Amino acid sequence: MQAEWTEGAIQQITKENTTLKQRVRQRTNDNRALHERLKAARSNLRFQDRRVADLEARIAEPAPKS
């Protein structure tokens with residue numbers, strides 16, 4: 001299939017392609033940042049879970065006899 005492209009059409013397609021590439025880069029960067037935030041949140045949650053378990057264990061221990 002042969003199509004004749006006008007200079008204006010080529011410029012428009014090039015401009016749209018550039019815009020789409022920029023959007024992909026931005027989405028990739030946003031995704032990376034969100035992934036890092038999620039990773040940090042999961043790490044914090046694991047730490048808090050261990051802390052809660054430690055506190056629960058301390059509460060459950062019998063009081064030392066004097």
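The side chains of D54 and R58 form a salt bridge, with 3.5 Å from N to O; the term stands for a side-chain nitrogen of Lys or Arg within 4 Å of a carboxyl oxygen of Asp or Glu. The model is a predicted one, in which local features need pLDDT of at least 70, side-chain atom pairs count only at pLDDT 80 or more, and totals for chains, interfaces and linings use all residues. Residues are numbered from 1 along each chain as its sequence is written, and side-chain values use heavy atoms, with hydrogens and water left out.

D54 and R58 are 4 residues apart in helix α1, so about one helical turn separates them. Helices here are DSSP runs of H or I with at least four residues, strands are runs of E with at least two, and both are numbered from the N terminus. R58 is exposed, at 53% relative accessibility, while D54 is partly exposed at 32%. These classes use a 1.4 Å probe and protein chains only: buried is under 20% relative accessible area, exposed is over 50%, and partly exposed lies in between.

D54 also meets R51 in a salt bridge, this time at 3.8 Å from N to O. Those two residues sit 3 apart in helix α1, which covers residues 7-60, and that spacing is again about one turn. R51 is partly exposed, with a relative accessibility of 39%. Under the rule used, the count is 2 salt bridges. Through shared partners, R51, D54 and R58 are joined into one network. Side chains of opposite charge can pair when their charged atoms come close.

What makes up the nonpolar surface patch of about 320 Å²? W5, I10 and I13 do. A patch takes residues with over 30% relative accessible area and no salt bridge, joining like charges within 9 Å and nonpolar side chains (Val, Leu, Ile, Met, Phe, Trp, Tyr) within 5 Å. W5 belongs to the segment before α1 and is exposed at 55%.

As a whole, the protein has 1 helix and 0 strands. Its radius of gyration is 28 Å, well over the 11 Å that the globule rule gives for 66 residues, so the protein is more spread out than a compact globule. That radius is taken over C-alpha atoms, and the rule is 2.2 Å times the number of residues to the power 0.38. Along the principal axes, the C-alpha atoms fill a box of roughly 95 × 20 × 10 Å. Of the 66 residues, 0% count as buried.

How values were computed: Accessible areas come from the Shrake-Rupley method with a 1.4 Å probe; for residues, only the protein chains shown count as cover.
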